[in-house]
Amino acid sequence: MLQKKPKTLGYSSGRVDAPSHMNNQALLAYWEEKRPEGQPLMRSDFDPLQLPKLLPCLFLAKPLGDDYQFRLVGSQIEERMRRALTNQTLTGVYGPDFGPKNVESYRHAATTCEPLTLRGN
């Protein structure tokens, strides 16, 4: 008998001081090089074609009210999550247990202009 896919993901993440994966290290270096001092890296400052190997594992999210919405999601992320995430909200994807925690992490990164480095389980 087939099991019904849950509406939300049973997934959590936590902050880490620095990325351990080389792709994430490359992305952080790009972000730090491109962003103006003390300001966020805007979409207009970001050229995805400069990071072709990272595109399958990148996503872009934008604020949407009290939540964040995935605007673009790489294929490796969607394969790992086993669902399409584009245009979905964090709370909708991660549910009431983990969604608000992720929203708060994104909000902190957006307001402080600090990188958000997470490790999931």
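## Ground rules

In this predicted model, local features need pLDDT of at least 70 and side-chain atom pairs count only at pLDDT 80 or more, while totals for chains, interfaces and linings use all residues. Numbering runs from 1 along each chain as its sequence is written, and side-chain values use heavy atoms, with hydrogens and water left out.

## The largest pocket

The largest pocket has a volume of about 1800 Å³. A pocket here is an open set of points on a 1 Å grid over the protein atoms alone, where a 1.4 Å probe fits, with protein on both sides within 12 Å along at least five of seven lines; the volume is the space filled by probe spheres set on the points, which are joined across faces, edges and corners.

Its lining (residues with an atom within 4 Å of a point) takes in 44 residues, with L27, L58, F59, Y106 and L116 nearest the centre. By type, that's 29 nonpolar, nine polar and six charged. At least two lining residues come from each of α1 (22–34), β2 (59–64), β3 (67–73), α2 (75–81), α3 (90–112) and β4 (118–120). Those helices (H or I, at least four residues) and strands (E, at least two) are DSSP runs, numbered from the N terminus.

β2 and β3 pair (at least two DSSP bridges) in the antiparallel sense, over six bridges. They make a hairpin with two residues between them, and G65 in the turn has a positive phi of about 65°.

Q69 sits in β3 and is the bridge partner of K62. At 12% relative accessibility, Q69 is buried (under 20% relative accessible area, 1.4 Å probe, protein chains only). Setting aside neighbours within four places in sequence, Q69 contacts (heavy atoms within 4.5 Å) L60, A61, K62, L64, N87, Q88 and T89.

How values were computed
Ala, Val, Leu, Ile, Met, Phe, Trp, Tyr, Cys and Pro count as nonpolar, Asp, Glu, Lys and Arg as charged, and the others, Gly among them, as polar. Buried means under 20% relative accessible area, exposed over 50%, partly exposed in between (1.4 Å probe, protein chains only).
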